[in-house]
Amino acid sequence: MNIFSKRYNSTLTKKKNAPFKLGLTIVLLLFSATSFAQSSGVLATTKDSLRGSITAERGWWEVVYYDLNVTIQPADSSITGYNHITYRVVDKPKRMQIDLQDPLNIDQITQNGNPLEYQRAENSYAYMVNMPDSLQKDSLYTISVYYQGKPKVAENAPWDGGFVWEQDSLGNHFIATANQGLGASVWWPNKDHQSAEPDSMSINITVPSKIKNVSNGRLRDTTKHDNGMTTWHWFVSNPINNYNVAVNAGNYVNFSDTYDGKDGTLDLDYWVLEHNLDKAKQQFEQVKPMMQCFEDWFGPYPFYEDSFKLVETPHLGMEHQSAVAYGNGYQNGYRGTDLSGTGWGLKWDFIIIHETGHEWWGNNITTNDVADMWVHEGFTSYSESIYTECRFGKEAGAEYTRGIRDGIENEEPITGKYGLNNEGSGDMYNKAHNMLHMIRQIIGNDSQWKEILRGIQRDFRHQIVTADQIERYIIEQSGKDLDDVFDQYVHYTDIPTFEYHIKDDVLYYRWKADVDHFDMPLEVTLNDNGYSVIHPTSERWKRTKLELSDPSNFSLHVDYYVNKDLVKHVE
């Protein structure tokens, strides 16, 4: 995604002073509206807690199905709509929390045609709905939320999200939504928590008939109205993240193809501005080889039933499930730039590769809390290296990975604060990418590593997961003790430092790390015949014979992302 603001914009800021946003700022409101979260050690607002945690008003029910209906009026940048929310009672009913952000307003909430009373929680965009007393556990019900207003305008989509109201070069309306981090409730009412995925969803978007709307899933029908508007009826048959649900409206033309994939025939659909059709047909030729690479490494594309689409947008891009947003200008690289500085990043279109990688990492498997967003972004960033390797060789992929290390700042951990809608640092991209590449090196068996990646996608298919589940899976399937590796790289700011001293052909060495008793194998040159594995710890100095013809040639394997420090003496 978007939180790719943190990676991409921070990288470009150093080069171009581009504006960027480092995640969601915890706003300090009046003292009465703030609370100190003891477990996280941060000052958090009521708004943060209501958004980021499973509150009592969220915990007793789960979303089963959304039927979203929205009419878009570009003339005054307003929307009106309603969302029928089918839910299952899983615990003793309480009030129900429904989220919708300012400046949108809820007009009415009903169930079975009966109006329900609701109140807005102070200093938040959470509405608390008084529910009927007759609700039964394990039963299904549908609540309808009617709303209207002028949604927040995105100031710099996709990083500062909301609604994008633009015009294309020919003066046609060009509209889109992008709201990861900010939340889907910026434009439609829902249970706005990352763990709340409906089993399926109907998306019905009404726009002026001169333009077309493309949303997630498959197009079921269109309905033309007498007032010059047309409703586009889309249906998603798989679970979907709230932030992936998208409006894309413009002067589109459509062209299609198919891909003979691991789960059969995958429909490929492309929706682009009419005057960009020729460029799109050429640039999107990258899709089939990408699918081949990703299916080989990660398993079948997760949403065959909903097809795969690339949709041109007035913003850079986003991993909107089965309707990947594309705005990279039909050029290779990231806006024509190689983020790795190696040259390999100019061999392919960054937005096509990265945002499609999220179909596996983020959309197929989704983390329960945004604090674990590194699982989405780290694995997806790693998919860039996988694609490079698949197309240009293993060393090319490794060079790309090492090249993006320059973008790692190591100023904050890549894990955020749980329960507060708080993401970790932008290093979740490049740092987690390099950690995964290093773990592959530690495992030392590429076939096993590939099967682990496939296994994650297979065994957690369409599930909500925690980072700990993914870490446990890699540890168990690899048979390697990687607890210290994950702990140091994911929960602490600094990477470990390899301290060493050479005296009289003897190598003295140890780790310096935040994790107590840190223990991670490392490949180094002990002789002239290549790399050997040693097992430093942070507990004590170890020693081994050094048999290099020239001790100054001592080095660490370049695919280990660690610091190196030659000390003057050992303790």
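**Notes on loops, bridges and packing**

1. Asp504 is found in the loop between β25 (497-503) and β26 (506-512). Bear in mind that this is a predicted model. Phi of Asp504 is near 55°, a positive value in a residue other than glycine. Most residues other than glycine have a negative phi, so that spot deserves a look. Is Asp504 buried or exposed? At 64% relative accessibility, Asp504 counts as exposed, since the cut-off is over 50%.

2. Arg335 is another residue to check: its phi is positive, about 55°, although it is not a glycine. You'll find Arg335 in the loop between β22 (324-326) and α6 (350-357). With 39% relative accessibility, Arg335 counts as partly exposed.

3. Now the cis peptides. Most peptide bonds are trans. Asp102 and Pro103, however, are joined by a cis bond with omega of about 5°, and Pro103 sits in the loop between β5 and β6 (105-111). The bond from Ala157 to Pro158 is cis too, with omega near 5°. Pro158 belongs to the loop between β10 (140-149) and β11 (162-167).

4. Strand β5 (residues 96-99) is covered on both faces. In a regular strand the side chains alternate between the two faces of the sheet. Here Met96 and Ile98 are buried on one side, and Gln97 and Asp99 are buried on the other. What does β5 pair with? Four bridges join β5 to strand β9 (residues 126-129), and the two run antiparallel. Asp99 has Ala126 as its bridge partner in β9.

5. On to charges: side chains of opposite charge can pair when their charged atoms come close. The structure holds 21 salt bridges. One of them links Glu62 to Arg88, with the closest N and O atoms 2.7 Å apart. Glu62 lies in strand β3 (residues 61-73) and Arg88 in strand β4 (residues 78-89), so this pair ties together parts that are 26 residues apart in sequence. Both ends are partly exposed: Glu62 has 34% relative accessibility and Arg88 has 26%.

6. A strand-to-helix case comes next. Asp257 makes a salt bridge with Lys288, the closest N and O atoms being 3.2 Å apart. Because Asp257 is in strand β18 (residues 252-261) and Lys288 in helix α5 (residues 287-298), the pair ties together parts that are 31 residues apart in sequence. Asp257 is partly exposed at 35% relative accessible area, and Lys288 is partly exposed at 32%.

7. Helix α5 also takes part in a helix-to-helix bridge. Asp296 pairs with Lys450, with 3.1 Å between the closest N and O atoms. Asp296 lies in α5 and Lys450 in helix α10 (residues 446-459), so parts that are 154 residues apart in sequence are tied together. Asp296 is partly exposed at 27% relative accessible area, whereas Lys450 is buried at 18%. Salt bridges that share partners join Asp296, Lys450, Glu451, Arg454, Arg458 and Asp459 into one network.

8. Finally, α10 has a helix partner. Helix α9 (residues 430-443) and α10 pack at an angle of about 130°, with their axes 8 Å apart. That angle makes α9 oblique to α10, and the crossing is right-handed. Which residues make the contact? From α9 they are Leu436, Ile439, Arg440 and Ile443, and from α10 they are Asp446, Gln448, Trp449 and Ile452.

Terms used:
Residues are numbered from 1 along each chain as its sequence is written. This is a predicted model: local features need pLDDT of at least 70, side-chain atom pairs count only at pLDDT 80 or more; totals for chains, interfaces and linings use all residues. Side-chain values use heavy atoms; hydrogens and water are left out. A salt bridge is a side-chain nitrogen of Lys or Arg within 4 Å of a carboxyl oxygen of Asp or Glu. Buried means under 20% relative accessible area, exposed over 50%, partly exposed in between (1.4 Å probe, protein chains only). Two strands pair if DSSP finds at least two bridges between them. Axes are lines fitted to C-alpha atoms, for helices over the stretch in contact, and angles run from 0 to 180 degrees between N-to-C directions. Angles under 35 degrees count as roughly parallel, over 145 as roughly antiparallel, 65 to 115 as roughly perpendicular and the rest as oblique. A crossing is left-handed if the near helix is turned anticlockwise from the far one by less than a right angle, and right-handed if clockwise. Contact means heavy atoms within 4.5 Å.
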